[in-house]
Amino acid sequence: RCSASTAKSLLFRFLPFLHWLPRYPVKDWLLGDIASGFSVGIMHLPQGLAYALLAGLPPVTGLYSSFYPVFLYFFFGTSRHNSVGPFAVISVMIGSVTESLLPSENFLESVNGSNATVNEARRDAARVELVATITVLTGIFQVALGLLQFGFVVTYLSDPLVRGYTTAASVHVLVSQLKNVFGVSLGEHSGPLSLFMTFIEICQKLPQTNVGTLVTAIIAMVAIFIVKELNHKFAAKLPMPIPIELITIIVSTGISYGVNLNAKFGISVVGNIPSGLKPPVVPNVSYFGQVVGNAFAIAVVGYAICISLGKIFALKHGYKVDSNQELIALGLCNFLGGFFQCFAISCSMSRSLVQESTGGNSQVAGVIASLVILVTILKIGELFRDLPKAILSAIIIINLKGMFKQFNDLHTLWKSNRVDLMVWIVTFVATLMLNLDIGLGASVAFGLLTVIFRTQLPHYSILGRISDTDVYRDVAEYQMAQEVPGVKIFRSSSTLYFANVELYAEALKKKSGINVDRLIEKKKKALKKLKKQQKKVEKEAKKKKVLPCRRGPLREARSPSLPQDMEDGHNGPGVAVIELSGAEGSTPPEPTLRTLGLPQPGFHAVILDFSPVSFVDTVSVKILKNIFRDFHEIEVDVFVAGCPVPVLTQLERGNFFSSAITKHYFFPSVHDAVV
């Protein structure tokens, strides 16, 4: 029974639809899911074609990517409102790989000895094979991370980092589509600064602009923009958004076919779109070594966008999204989709919002949307061969509006958090300058550096007691908090580790109000001088014992007297006289700061509040030992309060405790230590 129960729970976990589908409220949800699925399916058609162009692939691959992964997500996904499928940022990341590894220059062929032209059929076939391999590898990464419960890996992509990255990616998308808007042909640039090289080349070729292409793109952009604004303004009154993208594609295809825009005005069109589904093809594993870094970056970014959208909708509608299962679901969609010539997918904000606003309640809406695309692939797709590419570029550019609104983050972050603002700006600039793959790595590295920077410079404070309570607060921030006489209570807002523990020790000594190191140095000098004087006294005493007396036997000294200069008080600066005991063999008392004539601290105890400390390392253990030793040298006891049990265990393993430092110095709370 136990094994059967475990198998059942695993089955429900990896196939969530088995859990929710039997409980699906048909009467309440089905109609809304059908309407929502149809609306999203209509959006999938133009966006699939457009984002395939963005990835440098034949348009039909965009339709495949809008069908297979969307259908598969029904079985594995846990978000009811996420619309998976082609996404601009992921598409441009794929496009940068195809252009760098398989540039068009590799497929130049001369026809009858004339100028060389690009063999587009060979190029497209090679790129489809490459992208299918990237997609499968992306899926492998996502599934592996999900099975290993590594869904938390996305936490290294903070919200400012993701928003800065997607904004920069939108600039890449915009620049990449300008060639289709102006109707000019460009060389393919890859690597750092490729964005700027592409933009410069576009500016240089502006005199070669195809006016017909430019006019087509401008008219389409204006029409799509106006209708989208009307959709937004009258969203409450419209049963579903006006499918302006689909209308634009249908109308422009009809005009292009009727007027023959390609032949008369040189307006570039999509070309042949094969109908029907292709059999699965095994990816070319020889590409794995070349694209492993890009695949991992696509896997992480795609998941980050997907899970962030999923959590927004889950919070709004009161259900839970399993982050690890979402990673597995996205990975399976990519892995299986790669065998059917799909490119890597994620979630689209615009489609997800439409799915929610038009009555979508579950993953059934995604199945309906995928069926709309299936009909298109089987019967309708081939009708769009005369669709101008400028129309697809117009759709892509207008859909970037939401991304470009993220520039408003600069104003918000300036007011709320300057470090997050720096993360946003550095991510944006690095992604523009270094391209999408290297830019992501540099951005994550900078984001982690800011965490280290913040832990290196925490807030240090001296705590005081609020009268008649056992509450202790920063005396600099709370007027009612008063320092406990003779006790310094020190607190850091961060944990202790190798990067900040020395700063912790310095801040403690500074906050104590006394130069500890200087006082220890003075004590050592005084002890050294005292030791010399004691040796001198002992030496003179021995001489007196062995000197013969003229009038009798050896004279014994009952108590060795001090030299005359010491008796007169000429003992040197800061050195007190310690009189030796008359008893033979007795040890002199331990010299103190007072007997040495040195200043004494105005407190007798230091309490370290360890409640914010979550872990310690070997370096911090050594520095803590030094803190105990140094304060002991100036006759101040050190106590630790509120130390978590795991930290106490780490201290034990680090050989922190000894005969000089025992657990008697540790207390469960600051108040216990004070008492």
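Student: At what angle do helix H3 (residues 26-54) and helix H14 (residues 349-357) pack?

Tutor: In this predicted model, the axes of H3 and H14 are 9 Å apart. H3 is roughly antiparallel to H14, because angles over 145 degrees fall in that class. The packing angle is about 170°.

Student: Is the crossing of H3 and H14 left-handed or right-handed, and how many charged residues does the contact of H3 with H14 have?

Tutor: On the H3 side, the contact includes Ser-36, His-44 and Tyr-51. These meet Ser-350, Arg-351, Val-354 and Gln-355 in H14. The crossing of the two helices is right-handed. By class, the contact of H3 with H14 has four nonpolar and six polar residues, and the charged residues number one.

Student: How are helix H4 and helix H15 oriented to each other, roughly parallel or roughly antiparallel?

Tutor: H4 spans residues 59-76 and H15 spans residues 364-380, with their axes 8 Å apart. The two pack at an angle of about 150°. Since angles over 145 degrees count as such, H4 is to H15 roughly antiparallel.

Student: In the contact of H4 with H15, how many residues are nonpolar?

Tutor: H4 passes H15 in a left-handed crossing. H4 contributes Leu-63, Tyr-64, Ser-66, Phe-67, Val-70, Phe-71 and Phe-74, while residues of H15 in the contact include Val-364, Ile-373 and Ile-377. By class, the contact has no charged residues and four polar ones, and the nonpolar residues number 11.

Student: How far apart are the axes of helix H5 (residues 88-101) and helix H12 (residues 288-317)?

Tutor: H5 and H12 pack at an angle of about 170°. The two are therefore roughly antiparallel to each other. The distance between their axes is 10 Å.

Student: Which residues of H5 make the contact with H12?

Tutor: By class, this contact has 10 nonpolar, three polar and no charged residues. On the H12 side, Gln-290, Val-291, Asn-294, Ala-297, Ile-298, Val-301 and Gly-302 take part. Their partners in H5 are Val-89, Ile-90, Met-93, Ile-94, Val-97 and Leu-101.

Student: How far apart do the C-alpha centres of domain 1 and domain 2 lie?

Tutor: The domain assignment gives domain 1 as 41-452. Domain 2 is assigned as 460-516 + 600-673. The separation of their C-alpha centres is 54 Å.

How values were computed. Residues numbered from 1 in each chain as written. Predicted model: local features only at pLDDT ≥ 70, side-chain atom pairs only at ≥ 80, totals over all residues. Heavy atoms only, no water. Domains from an automatic or database assignment. Axes fitted to C-alpha atoms, helices over the stretch in contact; angles between N-to-C directions. Helix = DSSP H or I, 4+ residues; strand = E, 2+ residues; numbered from the N terminus. Parallel < 35°, antiparallel > 145°, perpendicular 65-115°, else oblique. Left-handed = near helix turned anticlockwise from the far one by under 90°. Contact = heavy atoms within 4.5 Å. Nonpolar A, V, L, I, M, F, W, Y, C, P; charged D, E, K, R; others polar.
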